[in-house]
Amino acid sequence: MRTDEKVRRIFADLGTRYGHSFHEDPGTALAKVTAETEDPFKVLISTILSQRTRDERTEEASARLYAKYDTPHAIARAPVRKLAELIRPAGFYRQKAQKIREVSRILLERYGGRVPDTYEELVALPQVGPKTANCVLVYGFGKPAIPVDVHVAVVSRRLGLAAEDADEEEVERRLRRIVPKAWWLQLNELFVRFGKDVCRTNGPRCTVCTFTDFCRYYRRLRRTGKSGPLKTGARIPADTR
Ligand code: SF4
């Protein structure tokens with residue numbers, strides 16, 4: 001199947017599977033923050049809290065933090081020890097407490113307390129890399145971007161949208177080339193839901209998946225009975241799958 005046909009199939013099927021329930025059940029922690037607050041600052045802070053952390057823990061840490069401190073001004077002035085205590089469920093909480101305080105201070109000093117809405121300005125902030133910047137653009141400002149987290153990367157590699165050994169930045173570059181820009185805003189939400197629900201990182205539920213006819217991972221599983229990564233050097237260019 002051609003790549004553009006695969007992309008159309010994937011978005012059509014995932015849209016049918018999840019698209020209609022976005023408002024009733026926002027899904028990911030970031031989508032929930034967006035639905036509840038529509039505040040780019042909270043999206044930025046929650047994205048930092050979500051780094052190397054499960055969604056449920058991010059939600060808990062965010063709720064505890066915003067109940068007490070929910071503006072750049074409040075977080076910049078809060079004691080780091082108090083911030084760390086509130087975001088403790090997020091893991092790496094001491095380091096994250098320092099970073100969210102520093103980010104809040106910079107937002108006040110450079111941007112009058114507003115979150116910048118360009119990729120270049122966002123990645124210049126501490127603790128903000130490509131994934132976090134793209135999350136803020138999509139969930140904070142509704143600007144087209146492609147945040148690649150573990151689910152987006154795993155689903156893209158398994159389905160043959162990216163090379164099997166592509167890292168997250170390569171996956172992002174590849175998706176930017178093959179997915180029409182009009183669909184970028186939905187990509188992260190759809191792929192994350194699918195990754196949690198069906199194409200699970202540890203144990204995909206292929207029996208309830210509609211992509212078995214072209215999924216690279218499924219084909220190999222059927223052929224070899226093995227689900228592990230290909231051997232070193234056995235890189236499969238996405239274009240040839
Ligand atoms: S067939 Fe299995 S591995 Fe492939 S996308 Fe579906 S759930 Fe994931």
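A crossing of two helices is called left-handed if the near helix is turned anticlockwise from the far one by less than a right angle, and right-handed if clockwise. This term will be needed below.

**The whole chain**

Begin with the entire protein, bearing in mind that this is a predicted model. The protein contains 13 helices and zero strands. Of its 241 residues, 38% are buried. Among contacts with a separation of 6 or more, 60% are between residues 24 or more positions apart.

**Helix α3**

Now select residues 40–49, which form helix α3. How many residues of α3 are buried? The count is 10 of the 10 residues, so α3 is largely enclosed by the rest of the structure. The buried residues include P40, F41, K42 and V43 at one part of the list, and I48 and L49 are also among them.

**From α3 to α4**

The axes of α3 and α4 come within 9 Å and cross at roughly 130 degrees. The two helices are therefore oblique to each other. With the definition above in mind, is the crossing of α3 and α4 left-handed or right-handed? The crossing is right-handed.

Display the side chains where these helices meet. On the α3 side they are K42, S46 and L49, and on the α4 side T58, A61, S62 and Y66. By class, this contact has three nonpolar, three polar and one charged residues.

Why does S62 count as buried? S62 has 28 C-beta neighbours inside 10 Å, and a residue is buried if 20 or more other C-beta atoms lie within that distance. Then draw a distance from the C-alpha of S62 to that of I45: these residues are 17 apart in sequence and 8.1 Å apart in space.

**From α3 to α7**

To see the contact, select I45, I48 and L49 of α3 together with K96, K99 and I100 of α7. The residues of this contact divide into four nonpolar, no polar and two charged.

Most residues other than glycine have a negative phi. Two exceptions may be visited in turn.

- Select R52, in the loop between α3 and α4. Phi of R52 is near 55 degrees, a positive value in a residue other than glycine. R52 is exposed, with 9 other C-beta atoms within 10 Å.
- Select Q127, in the loop between α8 (119–123) and α9 (130–141). Phi of Q127 is near 70 degrees, again a positive value in a residue other than glycine. Q127 is partly exposed, with 16 other C-beta atoms within 10 Å.

**Around the ligand**

Finally, centre the view on the ligand. Which of the 13 residues around the ligand come nearest? They are C199, P204, C206, C209 and C215. Colour α10 (150–159) and α13 (216–224) as well, for each supplies at least two residues of the shell around the ligand. The residues of this shell divide into 10 nonpolar, one polar and two charged.

Terms used:
Residues numbered from 1 in each chain as written. Predicted model: local features only at pLDDT ≥ 70, side-chain atom pairs only at ≥ 80, totals over all residues. Near = placed C-beta within 6 Å. Helix = DSSP H or I, 4+ residues; strand = E, 2+ residues; numbered from the N terminus. Nonpolar A, V, L, I, M, F, W, Y, C, P; charged D, E, K, R; others polar. Axes fitted to C-alpha atoms, helices over the stretch in contact; angles between N-to-C directions. Contact = placed C-beta atoms within 7 Å. Buried ≥ 20, exposed ≤ 12 C-beta atoms within 10 Å, placed from the backbone. Parallel < 35°, antiparallel > 145°, perpendicular 65-115°, else oblique.
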